[in-house]
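Morning, everyone. Please have a look at the sequence and the model on the screen, and then I'll walk you through it.

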Amino acid sequence: MQLKSALCKQRSFFTNVSQCNEDSVRASFAISEMIAKSSRLFTEGLFIKECLLKASDILCPGKKKLFEGISLSPNTVANRITDLA
């Protein structure tokens with residue numbers, strides 16, 4: 001019984017990590033789309049991420065890792081926009 005419980009906890013951990021990664025990618029796509037629609041430079045993704053991290057420090061410090069996982073480098077933003085096109 002304990003073995004089964006431990007296995008379930010391990011699976012749950014990896015499922016949660018996977019879900020967080022998927023959410024980060026989805027957020028990256030959404031923000032990249034907003035950058036493209038507003039005709040802004042791809043480099044603005046870095047500024048937006050900086051703003052998100054500052055806001056997470058204030059609003060939800062325990063979830064800062066989630067915001068750090070969002071990739072908004074100029075290359076990533078360009079790739080996301082290309083994928084969306």
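Confidence in the protein is lowest in H1, with a mean of 76, and highest in H2, at 91. This is a predicted model, remember. The average pLDDT for the protein is 83. Of the residues, 81% score at least 70. One caution: where pLDDT is low, the predicted coordinates should not be read in detail.

Let's take H2. This helix runs over residues 44–59, which is 16 residues. From first C-alpha to last, H2 reaches 22 Å. That is close to the 22 Å expected at 1.5 Å a residue.

Which residues of H2 are buried? Gly 45, Lys 49, Leu 53 and Ser 56. They span an arc of only 80° around the axis, so they sit on the same side of H2. Now turn to the other side of H2. There, Phe 47, Glu 50, Lys 54, Ile 58 and Leu 59 are exposed.

On to H1, residues 2–37, where we find Ser 32. Buried or exposed? Ser 32 counts as buried, because its relative accessibility is 0%, and the cut-off for buried is under 20%. What does Ser 32 touch, leaving out residues up to four places away in sequence? Leu 72, Val 77, Arg 80 and Ile 81.

Besides touching Ser 32, Arg 80 lies over the face of Phe 29. The distance to the ring centre is 4.7 Å.

Last item, aromatic pairs. How many are there? The count comes to 0, with ring centres required to lie within 6.5 Å.

Key. Residues are numbered from 1 along each chain as its sequence is written. This is a predicted model: local features need pLDDT of at least 70, side-chain atom pairs count only at pLDDT 80 or more; totals for chains, interfaces and linings use all residues. Side-chain values use heavy atoms; hydrogens and water are left out. Helices (H or I, at least four residues) and strands (E, at least two) are DSSP runs, numbered from the N terminus. The expected span of a helix is 1.5 Å times one less than its number of residues. Buried means under 20% relative accessible area, exposed over 50%, partly exposed in between (1.4 Å probe, protein chains only). The arc is that of the directions from the helix axis to the C-beta atoms. Rings of Phe, Tyr and Trp (its six-membered ring) pair if their centres lie within 6.5 Å; planes under 30 degrees apart count as stacked, over 60 as edge-to-face and the rest as tilted. A charge sits over a ring if NZ of Lys or CZ of Arg is within 6 Å of the ring centre and within 35 degrees of the ring normal. Contact means heavy atoms within 4.5 Å. pLDDT is the predictor's confidence in each residue, from 0 to 100.
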